[in-house]
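The following report describes the overall form of a protein chain and then turns to a few of its residues.

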Amino acid sequence: FRFEARRHYYVTPTSYLELINSFIKVLQAKREEVSSTKSRYDVGLDKIAATEAAVGKMQEELTALQPVLKKTSEENSAMMIVIEEKQ
């Protein structure tokens, strides 16, 4: 600063305390920002884990119902043949 403005810049105790307070405010704001971002990230991970568990359960149910669906499909085909013959 001395070379640019060609004058001395003195740091007084008051200006130093203002600098420290400004730094504390900026630090607190950044901590809150990081905290909220981390919270959103954690919630997203929880939702992904819950969705993964739900999809796994649905896949197991679908696998268990596969023989029933096949049997029902065959029964429907047989009924359709009977209905067409009656008409």
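## Charges, form and selected residues

The 13 positive and 13 negative charges of the protein chain have mean positions that lie 16 Å apart, where Lys and Arg count as positive and Asp and Glu as negative, while His and the chain ends are not counted. Each charge is placed at NZ of Lys, CZ of Arg, CG of Asp or CD of Glu.

This is a predicted model, in which local features need pLDDT of at least 70 and side-chain atom pairs count only at pLDDT 80 or more, whereas totals for chains, interfaces and linings use all residues. Residues are numbered from 1 along each chain as its sequence is written, and side-chain values use heavy atoms, with hydrogens and water left out.

The protein chain has two helices and zero strands, these being DSSP runs numbered from the N terminus (helices H or I, at least four residues; strands E, at least two). With a radius of gyration of 35 Å, well over the 12 Å that the globule rule gives for 87 residues, the protein chain is more spread out than a compact globule; the radius is taken over C-alpha atoms, and the rule is 2.2 Å times the number of residues to the power 0.38. Along the principal axes, the C-alpha atoms fill a box of roughly 110 × 25 × 20 Å.

Helix α2 covers residues 13–86. Its 74 residues should span 110 Å at 1.5 Å a residue, and the distance of 103 Å between its end C-alpha atoms agrees with this, the expected span being 1.5 Å times one less than the number of residues. A kink of about 40° lies in α2 at L65, shortly before the proline P67, the bend being the angle between axes fitted to the seven residues ending there and the seven starting there.

Buried residues make up 0% of the 87 residues in the protein chain, where buried means under 20% relative accessible area, exposed over 50% and partly exposed in between (1.4 Å probe, protein chains only).

| Pair | Apart along the chain | C-alpha distance |
|---|---|---|
| G44 and F23 | 21 residues | 31 Å |
| K38 and E74 | 36 residues | 53 Å |
| I24 and S39 | 15 residues | 22 Å |
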